[in-house]
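Reader: I've got a new model open and I'd like to learn how to read it. Can you walk me through it, feature by feature?

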Amino acid sequence: MALRIHEIYECLQGETSQAGRPMLLVRLAECDLRCVWCDTPEAFAEGTPRELPDLMREIAGYGRKLILVTGGEPLLQEETPELVSQLLEGGHEVMLETGGHLDIGPIDVRARRIVDLKCPGSGMERFNHWPNLELLTPGDEVKFVLADRADYDWAVACLGRIPGDVEVLFSPVHSTLDPQDLAGWILEDRLQVRLQLQLHKLIFGDDVQGV
Ligand code: SF4
């Protein structure tokens, strides 16, 4: 079965603990969630079918060490675990970002798995797959995208359920939650979390695609 691909391009990692690093982004097509603030709705479309060997050849051609497999929702596709494993075997450093509503178990633990926990403001909170938290290993990261103070309070209440050696990212919805407010709350509450901004939007602007 082929993987359905939305786009592939070289860029700087805009988020996570690896923000600022050059990488190759592999965006898989389709998503079964509809977060109200989603910034990649174009990836909801069907995408272009690509056989795995052909896709691996294209990725190798870019010569990038760091690969981000994202979406859409990459875990919707049966061959994603095999793609991740083959990339790791090929000597790549692999990050996989998922919306957090599907089982991360099939994904090789050598990959850095970035798992969203959908806050109430996303409209998708009811779909969170909580057993994923028990599968996290050091190197994985949990991301909260925060639209307002209510989302922040919800995220803080979740922190006790996340293993202590897993990086936690608090990311304000761009142009919705003021990062200065979020920074103040994190400091005031003495949280051990990382505030992350979407670096690619700060550098290139909100509407530029493919960076
Ligand atoms: S999970 Fe990601 S791609 Fe899917 S709707 Fe939410 S933000 Fe968009």
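Reader: Let's start simple: how many helices and strands does the chain have?

Author: First, a caution: this is a predicted model, so local features need pLDDT of at least 70 and side-chain atom pairs count only at pLDDT 80 or more, while totals for chains, interfaces and linings use all residues. Residues are numbered from 1 along each chain as its sequence is written. Now your count: the chain has six helices and nine strands. Helices (H or I, at least four residues) and strands (E, at least two) are DSSP runs, numbered from the N terminus.

Reader: What does the radius of gyration tell me about the chain?

Author: You take the radius over C-alpha atoms and hold it against the globule rule, 2.2 Å times the number of residues to the power 0.38. Here the radius is 16 Å, close to the 17 Å the rule gives for 211 residues, so the chain is as compact as a globular protein of that length. Along the principal axes, the C-alpha atoms fill a box of roughly 50 × 35 × 30 Å.

Reader: And what share of the residues counts as buried?

Author: The test is a neighbour count: 20 or more other C-beta atoms within 10 Å means buried, 12 or fewer means exposed, and in between is partly exposed, with C-beta atoms placed from the backbone. By that test, 35% of the 211 residues are buried.

Reader: Which residues have the most contacts inside the largest nonpolar core?

Author: The general idea: in soluble globular proteins, nonpolar side chains tend to be buried together. A core is a set of buried Ala, Val, Leu, Ile, Met, Phe, Trp, Tyr and Cys residues joined through C-beta atoms within 7 Å. The largest one here has 36 residues, and V26, I67, V69, V84, V94, L96 and L146 have the most contacts inside it. Elements giving two or more residues to this core include strand 2 (22-28), helix 1 (52-62), strand 5 (93-98) and strand 6 (112-116). Strand 2 supplies the largest share, five residues.

Reader: What does V26 touch?

Author: Contact means that two C-beta atoms, placed from the backbone, lie within 7 Å. Leaving out residues up to four places away in sequence, V26 touches I8, I59, I67, L68 and V69. For the chain, take contacts between residues at least 6 apart in sequence: 69% of them join residues at least 24 apart.

Reader: How do I read a helix? Which residues of helix 2 are buried?

Author: An α-helix has 3.6 residues a turn, so residues three or four places apart point the same way. In helix 2, the buried ones are T80, L83, V84 and L87. They cover an arc of only 95° around the axis (taken from the directions from the helix axis to the C-beta atoms), which puts them on the same side of helix 2. These residues pack against strand 1 (3-12), strand 2, helix 1, strand 4 and strand 5. After helix 2 comes G91, with a positive phi near 90°.

Reader: What about helix 4 (residues 149-158): which residues are buried there?

Author: D151, Y152 and A155 are buried in helix 4. Their directions fall within an arc of 100°, so they line one face of the helix. That buried set packs against strand 7 (141-146), strand 8 (167-172) and helix 5 (179-188). On the face turned away sit the exposed residues A150 and A157.

Reader: Last one: which residues are around the ligand?

Author: Near means a C-beta atom, placed from the backbone, within 6 Å of the molecule. The residues are C31, L33, R34, C35, C38, T40, A43, G71, G72, E73 and G99. They divide into five nonpolar, four polar and two charged; Ala, Val, Leu, Ile, Met, Phe, Trp, Tyr, Cys and Pro count as nonpolar, Asp, Glu, Lys and Arg as charged, and the others, Gly among them, as polar.
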